[in-house]
Amino acid sequence: MVDIGTLSLILLLAMFALLAIGMPLGFASAFLAVVTLVLKFDVDILFRTWGQGPLSVLGQAVYRQMTNYVLISVPLFIFMAALLERSGIARDMYSSLNVWLSRVRGGIAIVTSVMAVIMAAMSGIIGGEVVLLGLIALPQMLRLGYNQNLAIGTICASGSLGTMIPPSIVLIFYGLVTETSIKALFTASFLPGFMLASFFIIYIIVTTQLSPEKAPLPPEDPDAPKGGEKGLMFLGFLSRFGIWITGVLILRALFFTVTGVNEVVEGVDPILLGMVSDIPWLAGALVIFALIVFFVVGRERTAAGWEMGKGLIAPIVVIGVVLGSIYGGITGITEAAGMGAVAVFVIGLIRREMTWDIVYDSLMRTLKSTGTIIWVTIGAAALAAAYTLAGGPQYVANMIVGADMPTMSVILVMMLIFLIMGMFMDWVGIVLLVMPVFLPIVVRLPAEEIGWFAHVDARYVPIWFGVVFCMNMQVSFLSPPFGPAAFYLKSVAPAHISLTDIFRGFLPFIALQLCALAVLLAWPPIVTIFL
């Protein structure tokens with residue numbers, strides 16, 4: 001038998017060695033799980049009674065992970081992202097956003113960031129966003145003479161926002177591993193995710209104002225609406241869309257009223273915007289939108305604004321289906337993912353863009369991506385179970401607590417470990433291998449000492465730590481030497497842009513991500529403010 005301290009060191013060195021020689025993380029983790037049991041327990045104990053003992057614990061841990069119902073949402077979100085990437089929905093969204101911001105300094109970069117936020121809220125997938133933005137936005141920015149580093153950094157940093165913004169697959173896995181409410185994690189990550197996106201946009205605005213040569217304005221179209229006229233058209237677009245939304249919500253509330261679904265029952269949460277008391281408010285909003293269209297903007301401007309902005313409708317509908325069904329209490333995470341995939345498929349059919357080739361290609365890409373995630377999940381779950389069985393988490397916890405460090409010093413050490421591991425490992429392996437060790441330690445820390453300017457409620461510590469972990473993974477997607485965003489962009493970038501150029505473009509955005517991480521550590525209530 002090998003003592004747990006020596007075993008921990010062997011596992012750490014062996015993991016880096018296996019990854020360095022190119023062994024896939026899933027296989028490396030599974031191999032080290034067996035090594036852990038052999039070194040910690042006598043071989044005879046492992047095989048003396050088949051189906052019992054340490055080996056059976058490994059099997060149960062893997063089975064428990066693979067039979068979790070929420071795991072089904074992962075391939076559904078990947079499939080939805082693949083359909084979005086192959087359809088013209090994203091391109092039309094980019095065109096519509098570009099209409100409104102084309103005459104703003106750095107407007108194309110701002111459009112790219114806004115588009116990334118919308119795509120993140122639709123699918124929660126990272127790789128597809130970077131590739132799609134690289135295909136749509138990068139040629140446009142380079143053609144207009146944008147600074148190459150600014151263009152590259154904007155695409156990759158914004159394209160990785162799917163890590164933070166719901167429905168993030170990283171948050172789903174964290175919730176599965178730590179048995180934390182995924183809905184609460186989604187709610188908690190909204191503000192930090194949009195805060196990070198706003199950091200990117202503010203940086204783009206400031207740097208392009210200070211150095212206008214980094215973002216030249218495109219040639220002015222003499223026929224394009226300008227100033228106040230464009231603003232009225234945008235108001236008309238929003239008002240017309242508001243009429244559609246409020247109309248649908250009124251019909252929904254009336255249906256619930258007729259069928260008796262929305263009756264007030266003590267102890268049961270009311271249906272969001274579906275109660276009898278909501279109908280007058282919805283009707284009032286409908287009237288206000290109609291008055292704006294007919295008496296403020298005018299029907300002609302509204303029609304023109306609708307044509308300019310209609311590319312935003314499909315993404316908003318998809319976001320409403322996915323997040324609306326979750327927060328409206330209609331479905332769970334898995335069902336919402338399925339509804340989102342169906343919504344994208346139906347929209348593609350309506351737009352006459354959905355072909356069997358697109359569906360087949362999307363299914364194949366989903367199969368490959370899901371297969372990779374599943375193998376990593378199996379291997380990491382086995383290693384986590386073996387290390388737990390060997391007493392690893394207790395050893396690490398005692399070592400950290402025994403060091404008698406201040407609470408925030410413990411948290412900062414964990415952040416550093418996350419950042420270093422993120423340079424070399426996939427986020428799936430990190431969340432499955434490290435969270436069973438770190439989270440129990442964090443929960444045992446005094447909650448009143450977590451944070452510098454404010455503190456987190458003890459009930460929400462696992463949720464706060466999950467969002468902080470996701471912010472770390474944001475950094476890992478851009479961190480050399482294995483930042484995946486760089487390789488996603490390189491696959492579609494012009495030949496003259498090297499990997500070195502791409503990583504160089506990341507530097508300001510990595511600094512922004514670290515600033516956002518510092519905000520979460522210094523002021524934890526920003527995570528729990530909506531809980």
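User: In this predicted model, what makes the contact between Arg351 and Glu353 a salt bridge?

Analyst: The side chains of Arg351 and Glu353 meet at 2.9 Å, N to O. The cut-off is within 4 Å, from a side-chain nitrogen of Lys or Arg to a carboxyl oxygen of Asp or Glu. The pair therefore counts as a salt bridge.

User: Why is Arg351 called partly exposed?

Analyst: Its relative accessible area is 27%. Buried means under 20% and exposed over 50%, so Arg351 falls in between. Glu353, at 23%, is also partly exposed.

User: Why does the pair Arg365 and Asp361 count as a salt bridge?

Analyst: The N to O distance is 3.9 Å. The limit is 4 Å, so the pair qualifies. Arg365 and Asp361 sit four residues apart in helix α17 (residues 356–389), about one helical turn. Both are partly exposed: Arg365 at 32%, Asp361 at 26%.

User: How do you know whether Asp501 is buried or exposed?

Analyst: Asp501 has 15% relative accessibility. That is under 20%, so Asp501 is buried. Arg504 and Asp501 both lie in helix α23 (residues 499–522), three residues apart.

User: What makes Asp92, Arg351 and Glu353 one network?

Analyst: Salt bridges that share partners join Asp92, Arg351 and Glu353.

User: How many salt bridges does the structure hold?

Analyst: Seven.

Methods: Residues are numbered from 1 along each chain as its sequence is written. This is a predicted model: local features need pLDDT of at least 70, side-chain atom pairs count only at pLDDT 80 or more; totals for chains, interfaces and linings use all residues. Side-chain values use heavy atoms; hydrogens and water are left out. Buried means under 20% relative accessible area, exposed over 50%, partly exposed in between (1.4 Å probe, protein chains only). Helices (H or I, at least four residues) and strands (E, at least two) are DSSP runs, numbered from the N terminus.
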